[in-house]
Amino acid sequence: MADVHFMNVKIFDGGGETPFIGEVLVSGNRIVRVVKTAPGQRGTPIAGATVIDGAGAFLMPGMVEAHTHFAWNDQPSLDAIQRMPPEEHILWCAQVAERYLDMGWTSCVSAATAKPRLDVVIRNAINDGTIIGPRYLAASQEITVPGGLGDTTAPHRPQSEFAFGAVVSGAEEMRRCVRMFAKYGVDTLKINLSGESITGFSSEMSQFTEAEIRTCVEEAKAWGKRVAAHARSTWSIKQCVRLGIEVIYHASFADEESLDLLEANKFNHFVAPGLAWLERTVNNASEYGLTPEVTRKMGYHHELECAIESMKAMRRRGIRIMPGGDYGFAWTPHGTNARDLEYFVKLLGMSTMETLLSATAWGGPMMKMGKQLGYIREGCLADILLIDGDPLVDITILQDRARILSVMKDGVFHRAPPTRGTHPWQGTTRWAA
């Protein structure tokens, strides 16, 4: 890997301070030098390095997506996702993985896959260079109970190998399920603690017994695995905190007790609310039969209101809220993930600074990589984006692929900026060889 020297860039380093004009040197897969420079001052190019003159472009860490479903194939139902044959499904996942990296998501945490080994195979293929994609933590299928969210088995084939979720009943079946996925090599066990109204099982209902949940957590930890939960209901949020489930997806119906529990344990949990699913289901899914009248009857309008208030309360209490909005359904297609950042600002009242931090600096711990990820600092991994414009002024810039001028992961350009050219918005030379 040749050294890369970014010059004349506006650096957002992930620390929460005002960005500054400066230079960044990448050697191998690490950032080895970060230097502030005076406005208009040009440093000396490093001999032998590839020089990128950013002409004031915004340099920031690669983003981390906390609620990823590569296997969701932009279809309108779980059945439609699951019906894709395994051979085509793995090719789909590979294409989606590259799409995420293309849009600046250099790390992703899976929130479940649709067939037992899809995630593990994709993660391994990314790691060994067979396919292109972000850093990836692989998950199990969604673990559920008979009749619960994710149980798509037909009455005449109750043990179908192509069920959307892994269906268990009782603590010992749970133990066997966790061990099976641990054998396959997942990083995360995903358990559906609450329902999902679109499936006919209310989001405010919960289905597992405490003994089943406890077995899942204890067995996962014995194998060194993380547990994540689909937890919309009040009871399920509390169970996540009480039983040590680290990643909480949705958390829509948080009451004062659950908020108190989360605040008291806020460094032990991450919350990814999946606002895109709620907002888009309520407002943008009519062509799939989900008109506002239908979704109101399902309870999604009420849930969106509750989720917004819950997240505002969590923000006030310093609980970590992460981007990741259940993308991969027809009305939340893959590649539009940066809408979450817009929703954080517009719906939750987060500042653009808080929002960028949630997608960068907070992503390191979410990826189990601490502070070596999510920062533009010396010694950190070189996952770097070069952006046309300032996301701190307009967060929606990150939804536009054309404004993401380059993407670097692990010190290597996935998309390199042009070595020379005319910037179409300014008409001036932007890049220098």
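**Entry 1: the whole chain**

I began with burial and noted that 58% of the 433 residues of the chain count as buried. I recorded at once that the model is predicted.

I then looked up the overall dimensions. The C-alpha atoms of the chain fill a box of roughly 70 × 45 × 40 Å along the principal axes. I asked what radius of gyration a compact globule of 433 residues would have.

For the secondary structure I wrote down 13 helices and 19 strands. I also looked up the contacts with a separation of 6 or more, and residues 24 or more positions apart account for 68% of them.

The surface came next. The chain exposes about 16,500 Å², and carbon and sulfur atoms supply 51% of that area. I noted 44 positive and 49 negative charges in the chain, with mean positions 3 Å apart.

**Entry 2: serine 197**

I located serine 197 in the loop between strand 12 (194-196) and strand 13 (201-206). Is serine 197 buried or exposed? Its relative accessibility is 14%, and because buried means under 20%, serine 197 counts as buried.

I next asked which residues serine 197 is in contact with, leaving aside its neighbours within four places in sequence. I found Ser202, Ser203, Met298 and Tyr300. With serine 203 there is also a polar contact of 3.1 Å, which joins the two side chains.

**Entry 3: helix 6**

I turned to helix 6, which spans residues 234-243 and is mostly covered. How many of its 10 residues are buried? I noted 7, namely Ser236, Ile237, Lys238, Gln239, Cys240, Val241 and Leu243.

I then looked up what these buried residues pack against. Among the partners are strand 12 and strand 13, the two strands on either side of the loop that holds serine 197. Helix 5 (210-222) and helix 7 (256-264) are partners as well. Strand 14 (226-231) and strand 15 (247-250) complete my list for helix 6.

At the end of the helix I checked the residue that follows. Glycine 244 comes after helix 6, and its phi is positive, near 85 degrees.

**Entry 4: positive phi in residues other than glycine**

I looked up alanine 251, whose phi is near 55 degrees, a positive value in a residue other than glycine. Where does alanine 251 lie? I found alanine 251 in the loop between strand 15 and helix 7; both of these elements are partners of the buried residues of helix 6. Alanine 251 is buried, with a relative accessible area of 0%.

Lysine 368 also has a positive phi, near 65 degrees, and is likewise a residue other than glycine. I placed lysine 368 in the loop between helix 13 (363-366) and strand 17 (384-387). With 46% relative accessibility, lysine 368 counts as partly exposed, because that class lies between under 20% and over 50%.

**Entry 5: valine 121**

My last entry concerns valine 121, which I found in helix 3 (residues 118-127). Valine 121 is partly exposed, with a relative accessible area of 29%. I then asked how far apart valine 121 and alanine 313 are in space.

Conventions
Residues numbered from 1 in each chain as written. Predicted model: local features only at pLDDT ≥ 70, side-chain atom pairs only at ≥ 80, totals over all residues. Heavy atoms only, no water. Helix = DSSP H or I, 4+ residues; strand = E, 2+ residues; numbered from the N terminus. Rg over C-alpha atoms; globule rule 2.2 N^0.38 Å. Buried < 20%, exposed > 50% of the residue type's maximum accessible area, 1.4 Å probe, protein only. Contact = heavy atoms within 4.5 Å. Areas by Shrake-Rupley, 256 points an atom, 1.4 Å probe, with all protein chains shown as cover. Lys, Arg positive; Asp, Glu negative; His and termini not counted. Charge placed at Lys NZ, Arg CZ, Asp CG, Glu CD. Polar contact = N/O pair within 3.5 Å; in protein donor to acceptor, adjacent residues only side chain to side chain.
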